[in-house]
Amino acid sequence: MISEYDPSWQFTRAITRRPASSVTAGLRAVDTGNPDFGLMLQHHAEYVEALHEAGAQVIELDPLDDFPDGLFVEDTALCLPESVVLMRPGAPTRLGEVAQIEPVLQELFDNVARIDGPGTIEGGDILKTSREVLVGQSLRTNSEGIAELAIILSDWGHVVREVSVPDGVLHFKTDCSLLDSTTILSTKRLAESGIFSDYNVIFTSEGEEAAANAIRYNDFVLMSVGFPKTAERLMEAGYQIKEIGNSECSKLDGGMSCLSLRF
Ligand code: CIR
């Protein structure tokens with residue numbers, strides 16, 4: 001077992017934002033009906049509780065009525081041990097979320113950096129592992145945004161590797177998560193290009209691709225409920241899992257990682 005401290009999955013704090021009732025207007029690639037607000041609040045509370053149980057001090061921010069997707073705080077910033085980088089979302093309706101979270105991050109981190117543009121980049125496209133920062137080019141994140149991030153992170157000693165996200169997949173981390181310092185949970189469609197050849201990979205089970213968006217937080221893997229075969233694989237591999245309802249966020253293409261910033 002790995003005993004060395006790894007800031008890619010060992011954390012003390014997290015930031016979440018409670019859903020606003022306007023969440024029913026949130027972005028989605030395919031309309032499968034509006035989320036049930038009451039049920040979403042219940043799932044969100046379960047999620048925050050699971051973070052607490054995993055050892056997080058959770059900073060819970062107030063809902064933002066003007067930003068239906070504001071609960072998906074991960075897309076607004078990248079938190080690293082050195083400091084934080086404010087993102088520049090590619091979805092025009094989400095650009096203003098960054099100014100909403102900035103004061104909170106200014107309080108917590110020294111030397112807050114930012115993506116000024118014109119490129120765009122969302123946190124959901126960034127997977128930090130112990131050896132590199134993988135960034136997926138997607139409909140939200142482009143090469144200019146990735147190049148700007150790479151310049152900032154090179155000053156902090158991090159290597160950025162640009163990869164591509166399969167068609168029809170919102171973000172890079174829609175299809176993968178870090179499980180520990182050397183292991184990634186991934187869908188087959190994402191891993192088949194060979195991008196994870198330097199890692200151990202555990203695949204989601206067929207038909208359970210949505211299980212790929214999980215988070216490792218200290219001793220636990222937080223994953224969406226409803227993916228029993230993938231859950232079984234993770235338990236067999238020795239991970240302790242916490243399953244959390246995600247039926248309502250998934251209608252807006254959201255999963256476990258999108259709902260928090262972890263540091
Ligand atoms: C969006 O389309 O931007 C939101 N409805 C979902 C964002 C999910 N975020 C993430 O995967 N990091």
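Helices (H or I, at least four residues) and strands (E, at least two) are taken as DSSP runs and numbered from the N terminus. The structure is a predicted model, in which local features need pLDDT of at least 70 and side-chain atom pairs count only at pLDDT 80 or more, whereas totals for chains, interfaces and linings use all residues. Residues are numbered from 1 along each chain as its sequence is written, and side-chain values rest on heavy atoms, with hydrogens and water left out.

Asn218, in the loop between β12 and β13 (220-224), has a positive phi of about 55° although it is not a glycine. With a relative accessibility of 15%, Asn218 counts as buried, where buried means under 20% relative accessible area, exposed over 50%, and partly exposed in between (1.4 Å probe, protein chains only). A positive phi, near 65°, is also found for Asp253, which is placed in the loop between α6 (247-250) and β15 and counts as partly exposed at 27% relative accessibility. A cis peptide bond, with omega of about 15°, joins Gly117 and Pro118, and Pro118 belongs to the loop between β5 (113-114) and β6. Most residues other than glycine have a negative phi, and most peptide bonds are trans.

Grid points are joined across faces, edges and corners, and a volume is the space filled by probe spheres set on the points. The largest pocket holds about 680 Å³ of space and is lined by 34 residues, with Leu170, Thr174, Leu252, Asp253 and Gly254 nearest its centre. This lining divides into 11 nonpolar, 12 polar and 11 charged residues, where Ala, Val, Leu, Ile, Met, Phe, Trp, Tyr, Cys and Pro count as nonpolar, Asp, Glu, Lys and Arg as charged, and the others, Gly among them, as polar. For the second largest pocket the volume is about 480 Å³, and Ser8, Phe11, Cys79, Lys128 and Arg262 are the closest to its centre among 29 lining residues. The lining of the second largest pocket comprises 17 nonpolar, seven polar and five charged residues.

Across the whole structure, 13 salt bridges are found, each defined by a side-chain nitrogen of Lys or Arg within 4 Å of a carboxyl oxygen of Asp or Glu. Glu74 and Arg262, both buried, form one of these, with their closest N and O atoms 2.9 Å apart; Glu74 lies in the loop between β2 and β3 and Arg262 in strand β15, so the pair ties together parts that are 188 residues apart in sequence. Asp75 and Arg94 are likewise both buried, and their side chains meet in a salt bridge at 2.8 Å, N to O.

An N or O atom in the side chain of Asp75 is 2.8 Å from a nitrogen atom of the ligand, while a polar side-chain atom of Arg94 lies 2.8 Å from an oxygen atom of the ligand. The side chain of His171 places an N or O atom 2.9 Å from a ligand oxygen atom.

Key
1 Å grid on protein atoms, 1.4 Å probe; cavity = no way out; pocket = protein on both sides within 12 Å on 5 of 7 lines; lining within 4 Å. Polar contact = N/O pair within 3.5 Å; in protein donor to acceptor, adjacent residues only side chain to side chain.
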